[in-house]
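Follow the paragraphs below with the sequence and the model side by side.

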Amino acid sequence: MAQKAIVGYADQLLRMQAERTVQGGFAYPADSEIMVAFEEDFSFIETEDQINAITAIKQDMQLEIAMDRLICGDVGYGKTEVAMRAAFKAVCDGHKQVAVLVPTTILAMQHYETFCQRMANFPVQIGLACRFCSSSQIKKTLQSLQEGAIDILIGTQRVISQDVRFKNLGLIIIDEEQRFGVRAKERLKTTKIGVDCLTLSATPIPRTLYLSLIGIKKISMINTPPQDRLPIKSIIQSASSLVLENSSSKALRVRKGFSY
């Protein structure tokens, strides 16, 4: 039974990839003046790996084959900037819309703020769809998206709901693909045909990594941290030394022990 399911799933993947290859994708032009200005507006110095990833993405987008690329790099290594370059090119050079799919509401808010700050000096309209938005806000955003007034939509699985309709979708960016369930990925399959797809992950799932290694999905590695990047510190709280003492005012004093 398991073997039959695996073979069926593999057949489905091959069929989808074949459809993407046959249908092709939109061929973007070379960088415009506004694209060059956007890159020059970057406040930091790109690492060599970032430059290589950005160059590879642009080459993919200028082909008549729909892009399917994995950007693999640790947290804080600049994957978001690489994704924003691709999104900006899709919007300003191709007049296409972009969907940014993230697994959590907090990450959606972070990406929304980052995209807005980075593109504040350019004519790009960015929308947000997550549970922090009210029903009226969501309704207004989806209406603007369908009319083409929203260029980039950032959100959680709300982005792939049935009532979300893009006027001219050109690029899908998936952040932390490993945290999405099967239903979300099945929904994406119907959208990815003829649309460029960019996946960001520090820990890609085995299937995605395997497809990259055998050449079905292209891969770009970002191994070099940006200049002055601080290392990540993990703090684990231990409850073993928790002590509760009653004071004369009947308040509780909590003393916690930490292990680093």
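Histidine 111 sits in helix 5, which spans residues 105-118. Helices (H or I, at least four residues) and strands (E, at least two) are DSSP runs, numbered from the N terminus. The model is a predicted one, in which local features need pLDDT of at least 70 and side-chain atom pairs count only at pLDDT 80 or more, while totals for chains, interfaces and linings use all residues. Residues are numbered from 1 along each chain as its sequence is written, and side-chain values use heavy atoms, with hydrogens and water left out.

Is histidine 111 buried or exposed? Its relative accessible area is 7%, so histidine 111 is buried (under 20%; exposed is over 50% and partly exposed lies in between, with a 1.4 Å probe and protein chains only). Apart from neighbours within four places in sequence, histidine 111 is in contact (heavy atoms within 4.5 Å) with Thr80, Val102, Ile154 and Asp175. With aspartate 175, the side chains make a polar contact at 2.7 Å.

The largest nonpolar core has 57 residues, and those touching the most other members are Val98, Phe115, Met119, Val124, Ile152, Ile173 and Leu198. Helix 4 (residues 79-92) gives the largest share of this core, 9 residues. Such a core is a set of buried Ala, Val, Leu, Ile, Met, Phe, Trp, Tyr and Cys residues joined through side-chain atoms within 4.5 Å. Sequence neighbours within four places aside, methionine 119 is in contact with Phe38, Met84, Phe88, Val124, Ile126 and Ile152.

Histidine 95 lies in the loop between helix 4 and strand 2 (97-101). Its relative accessibility is 62%, so histidine 95 counts as exposed. Phi of histidine 95 is near 55°, a positive value in a residue other than glycine.

How values were computed:
A polar contact is a pair of N or O atoms within 3.5 Å; within protein, one must be able to donate a hydrogen and the other to accept it, and residues adjacent in sequence count only if both atoms are side-chain atoms.
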